[in-house]
Amino acid sequence: MPVISICSPKGGVGKTTLTSNLAYVFAKAGTKVVAIDLDPQNAMRLYFGQPLQDDRGFISKIETDPNADWVDALINVDRNLFVLPFGKSRQAQRLILDAKLAEEGYLRDRQSTIFCNPDILVLADFPPGYSVALKALSEVTDLTLVPLIADAASISQFSMLQNDELLEGPLNHRLGYYIVLNMVDNRIKLNREIQEFATHNMSEHLLGMVHADTSVVEAAALQQPVAEFNHNSSAAFDIEVLAKKLATILGFEVKQGTILINPLRDQ
Ligand SMILES: Nc1ncnc2c1ncn2[C@@H]1O[C@H](COP(=O)(O)OP(=O)(O)OP(=O)(O)O)[C@@H](O)[C@H]1O
Ligand SMILES: [Mg+2]
């Protein structure tokens, strides 16, 4: 803990991009971060410089021992930064995982090394829409981040969030959910109108936005965080702002380029 889940009713809206880039920003600012991939697509590892052929992950450990500690599959990719890839998987393994996740207290009891560590920020990435993992994580999640694209189809999903329809219940039991409008392009009239709609109608649920920026795509192709690829890009700026807002909501101390999870403990 703290745990941020990044999910969305829509696919291709920037969940993995935001998870990985926020992980880098927090780690660079001094927070110990574990980025967990709960999407069988197993793509998040690529954002952390892992080679395509390296298909290690926590899923293979589960088949041999369903109660295995996921911590053994962590990969240290940078100072303060650890990634837990899903791994290449077969359906039989995914069924075992879903059965374990459906067990009461599996994450709190069996995966407490990761989910009950007060000094680690966990960022969890999910497949689009409902998943057993999203439901299970909702029990240990402090804040849910929901990227949506500034288009009509994406915004039409807002009522689904308002009515708690994604999980047929709250996305977490603590700080609630915050929407990030991603791929915003102010040159497009519809985009500007959707931003206005979002500001008026999502108000307290709207965390901020990330502009559409080719640096994001190019950085991903080079397996780099966007801030490293182009520190002056609008997306790098936007993501840093989001990280600071998240840190404030979570009660971290934000000071002189550092973000500390437990300011009182570190004094
Ligand atoms: N702000 C942005 N500007 C430009 N391109 C972006 C931006 N954010 C994400 N993208 C691009 O959009 C595509 C989808 O992003 P990403 O894979 O992060 O979405 P996702 O929600 O995780 O998708 P999935 O539902 O498949 O898991 C990627 O090619 C990514 O580089
Ligand atoms: Mg993704």
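## V33 and its surroundings

Let's start with one residue: leaving aside neighbours within four places in sequence, V33 is in contact with A23, F26, A27, N80, L81, F82, L121 and L123. Contact here means that the C-beta atoms of two residues, placed from the backbone, lie within 7 Å. V33 also belongs to the largest nonpolar core, which has 80 residues; F26, V33, V122 and L123 touch the most other members. Such a core is a set of buried Ala, Val, Leu, Ile, Met, Phe, Trp, Tyr and Cys residues joined through C-beta atoms within 7 Å. A residue is buried if 20 or more other C-beta atoms, placed from the backbone, lie within 10 Å of its own, exposed if 12 or fewer, and partly exposed in between.

A word on the model before going on: it is predicted, local features need pLDDT of at least 70, side-chain atom pairs count only at pLDDT 80 or more, and totals for chains, interfaces and linings use all residues. Residues are numbered from 1 along each chain as its sequence is written, while chains are lettered from A and ligands numbered from 1 in the order in which they are written.

## The sheet

Eight strands form an open sheet with mixed pairing, in the order β3-β4-β2-β5-β1-β6-β7-β8. At its edges are β3 (75–78) and β8 (206–211), each pairing on one side only. Neighbouring strands are turned against each other by 25° on average, direction ignored. Helices (H or I, at least four residues) and strands (E, at least two) are DSSP runs numbered from the N terminus, and two strands pair if DSSP finds at least two bridges between them.

Strand β5 is mostly covered, with five of its six residues buried. Six bridges join β5 to β2 in the parallel sense, with D125 of β5 as the bridge partner of D37. Four bridges join β5 to β1, again running parallel, and here V122 of β5 stands opposite V3. In β1, V3 and S5 point one way and I4 and I6 the other, and all are buried. Strand β1 also pairs with β6, parallel and over three bridges; the bridge partner of I4 in β6 is L143.

Axes are lines fitted to C-alpha atoms, for helices over the stretch in contact, and angles run from 0 to 180 degrees between N-to-C directions. Helix α12 (residues 234–250) lies across β1, β6, β7 and β8, running at about 165° to β8.

## Around ligand 1

Which residues come nearest to ligand 1? Of the 19 around it, they are G11, G14, K15, T16 and T17; a residue is near if its C-beta atom, placed from the backbone, lies within 6 Å of the molecule. The elements giving two or more residues to this shell are α1 (15–28), β7 (177–184) and α10 (214–221).

By class, the shell has nine nonpolar, seven polar and three charged residues. Nonpolar covers Ala, Val, Leu, Ile, Met, Phe, Trp, Tyr, Cys and Pro, charged covers Asp, Glu, Lys and Arg, and the others, Gly among them, are polar.

Most residues other than glycine have a negative phi. N80, one of the contacts of V33, has a phi near 70°, a positive value. N80 sits in the loop between β3 and β4 and counts as partly exposed because it has 18 C-beta neighbours inside 10 Å. N42 has a positive phi too, near 55°; N42 lies in the loop between β2 and α2 (58–64). With 18 C-beta neighbours inside 10 Å, N42 is partly exposed.

P127 is found in the loop between β5 and α6 (132–137). Is P127 buried or partly exposed? It counts as partly exposed, because it has 19 C-beta neighbours inside 10 Å. Not counting residues up to four places away in sequence, P127 touches D39, P40 and Q41.
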